[in-house]
Number of protein chains: 2
Amino acid sequence: MDKKGTWLTYRPDIKILDCTIRDGGLMTDCHFDDSFVKGVYQACVDSGVDYMEIGYKSSKKIFARPQYGDWKFCDEEMIRRIVGDNPSSLKIAVMADADRCDYHTDFSAKKESVIDLVRVATYIHQIPLALDMIKAFNDMGYETTVNLMAVSVVNDGELNEALEILCKSEVQTIYLVDSYGSLYGEEVQALTRKYRGFAEAGGKQVGIHTHNNQQLAYANTIEALILGASFLDCTIGGLGRGAGNCPTELLLGFLKNPRYHVRPIIKCLQEQIVPLRQKVQWGYDIPYMLTGQLNQHPRTAMEFLDGETPTDYLTFYDQIIE
Amino acid sequence: MDKKGTWLTYRPDIKILDCTIRDGGLMTDCHFDDSFVKGVYQACVDSGVDYMEIGYKSSKKIFARPQYGDWKFCDEEMIRRIVGDNPSSLKIAVMADADRCDYHTDFSAKKESVIDLVRVATYIHQIPLALDMIKAFNDMGYETTVNLMAVSVVNDGELNEALEILCKSEVQTIYLVDSYGSLYGEEVQALTRKYRGFAEAGGKQVGIHTHNNQQLAYANTIEALILGASFLDCTIGGLGRGAGNCPTELLLGFLKNPRYHVRPIIKCLQEQIVPLRQKVQWGYDIPYMLTGQLNQHPRTAMEFLDGETPTDYLTFYDQIIE
């Protein structure tokens, strides 16, 4: 497939996956009002977005209510409460975390579900489990992707082996994931080339999922797309863990496929995202920048920003460089 | 000069120019408390930043007090009130706008001034005037740069001619300026290559000045730097017109020269920038994104955000796409 676009044409292999509810759920313990989820769903349908990731399929043995909301579990009836039988061209995705998902019992066959795509999220040491999950979801009839997390702290030899194994599996798309928002453009270029090399040999596509710790989420998404990544993750208003993600509204403004329309996303920003900002704080901030620059998980920054002195940046800086 | 860096080395030709007070002044009519300007000055000195642009040298016939503050005029005694005789390695810069600066009368010879660098800002149709200003400032003993604005709406033939003429002048550095925050990474690459081509032939350096309308200010600054730009503009906290600029704290995190230290910038963010945010709104927002995507001046977005309904994004969108 030709993966080289130009300024005035578009690549039909590009798919946009909006993960507003799933990644944003990491800021709300997966609690969202139905009106909010419906607003995001309608925006995705109307804007021509290809996939909407509506939450996690997490183990009810591990995660308990009432701490976690519906979008931690995504039971069939919860999803249908929002999308009905999903009479649209938008496909519905859920995320299944390795080691935190009862994948043998909590999924029905695709023909009984409104879910189209299951995304398997895995750390490198969980690859054998991820492979078993991919096979199970594939056998049930679902599309699958694999999201190999935290590759900025994985050594090159292990990463090569992981990509080689994953590209022999049933999965359709392998995601480059910048979990810590630490990757610079040149690193994204090198990794995209690497992922594409393995993926082409295995007949797979490559996806990109970024975080905005260094204000590079959108730029890095474009870097990967230019080098042939096909699946592009984004969230409306950048809503997502910590510094958030590549904003859907920016990405749609860059892409030229007449299938995509930015106005429904602008509407959703105004009606859903702006009010949520009164209650939930996400997006670029100095503590997130610092964990990104230091290639660390953002949890220390999230804790600091939830504390009593969220703008005491110097104290946080002095703590994390120790 | 070798303009190719690596991950673990640094290029000594790189100079950081912090324009917090000058570009930020566009959001405050150049009013800042002395304590704020002193805080930025001290942060620049302590962090190893190479130049601090402290304001405009604007015509007092055109711009009147009390609407405009000291940093619109930068009289010698105003600057010295902040920096004294500037007993540091930090150089002081001011901006002189073509057609809005009485450059024959408002500057003294360099040997009588604490100013080191005069930056001539010009639109393409003002080039003959800019050349006269460059010559005058050079004759007075100042370093000079020229900032050719709004090149995203200049055609290629005219731009080539402008660069050829400017590279024959006395100016030391020619700036690529993304006035509207509309340029994508690939465009910045192509323009940097073009600017570098003319500049090398004329023995000049290239600079980069970006805006953050599409969250690309930092990414585009890195793109230009990788391709050989030497002068990098930035502002603390991104403080600048509209969507703001490339944040100094991000840029210092990327650069490896042991001359630079990010901690004093973090301190300034906490002590000066956070309190200012209570009074002045700048930075990425949807109206700025839209003018950036449409390659328009941000003034319509600034007016809209100053109005009664700053989050009525749909109305703004429908207005500007007409």
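# Close-up views of a two-chain predicted model

View 1. The same surface serves both copies, and 100% of the contact residues of chain B recur in chain A. The model is predicted: local features need pLDDT of at least 70, side-chain atom pairs count only at pLDDT 80 or more, and totals for chains, interfaces and linings use all residues. Residues are numbered from 1 along each chain as its sequence is written, while chains are lettered from A and ligands numbered from 1 in the order in which they are written.

**View 2. The contact between chain B and chain A.** Chain B gives 25 residues to the contact, and chain A gives 25 residues. Two residues are in contact if their C-beta atoms, placed from the backbone, lie within 7 Å. On the side of chain B that touches chain A, helix 7 (217-226), helix 8 (248-254), helix 9 (263-276), helix 10 (286-293) and helix 12 (313-320) of chain B each supply at least two residues. Helix 9 of chain B gives the most to that side, with six residues. By class, that side of chain B has 14 nonpolar, seven polar and four charged residues. Here Ala, Val, Leu, Ile, Met, Phe, Trp, Tyr, Cys and Pro count as nonpolar, Asp, Glu, Lys and Arg as charged, and the others, Gly among them, as polar. Helices (H or I, at least four residues) and strands (E, at least two) are DSSP runs, numbered from the N terminus.

**View 3. The barrel of chain A.** Eight strands of chain A form a closed barrel in the order 1-2-3-4-5-6-7-8, with parallel pairing. Neighbouring strands of this sheet are turned by 25° against each other on average, direction ignored. Axes are lines fitted to C-alpha atoms, for helices over the stretch in contact, and angles run from 0 to 180 degrees between N-to-C directions. Two strands pair if DSSP finds at least two bridges between them.

View 4. Strand 1 (residues 15-18) and strand 2 of chain A pair in the parallel sense over two bridges. Leu17(A) stands opposite Tyr51(A) in strand 2 of chain A. Six of the six residues of strand 2 (residues 51-56) of chain A are buried, so strand 2 is largely enclosed by the rest of the structure. A residue is buried if 20 or more other C-beta atoms lie within 10 Å of its own, exposed if 12 or fewer, and partly exposed in between, with C-beta atoms placed from the backbone. Four bridges join strand 2 to strand 3 of chain A, and the two run parallel. Tyr56(A) has Met95(A) in strand 3 of chain A as its bridge partner. In strand 4 of chain A, the bridge partner of Met95(A) is Arg119(A). Strand 3 (residues 91-97) and strand 4 (residues 117-122) of chain A run parallel and are joined by five bridges.

View 5. Asp33(A) sits in the loop between helix 1 (20-24) and helix 2 (34-47) of chain A. Asp33(A) counts as exposed, with 12 C-beta neighbours inside 10 Å. Its C-alpha atom is separated by 9.8 Å from that of Asp70(A), 37 residues apart along the chain. Leu276(A) lies in helix 9 (residues 263-276) of chain A. Leu276(A) has 18 C-beta neighbours inside 10 Å and counts as partly exposed. Leu276(A) and Phe32(A) are 244 residues apart in sequence, yet 9.5 Å apart in space, C-alpha to C-alpha.

**View 6. Helix 2 of chain B.** The 14 residues of helix 2 (residues 34-47) of chain B should span 20 Å at 1.5 Å a residue, and the end C-alpha atoms are 20 Å apart, which agrees. The expected span is 1.5 Å times one less than the number of residues. Among the buried residues of this helix are Phe36(B), Tyr41(B) and Cys44(B). Its buried residues pack against elements of chain B including strand 1 (15-18), strand 2 (51-56) and helix 3 (76-83). Just after the helix, Gly48(B) takes a positive phi of about 85°.
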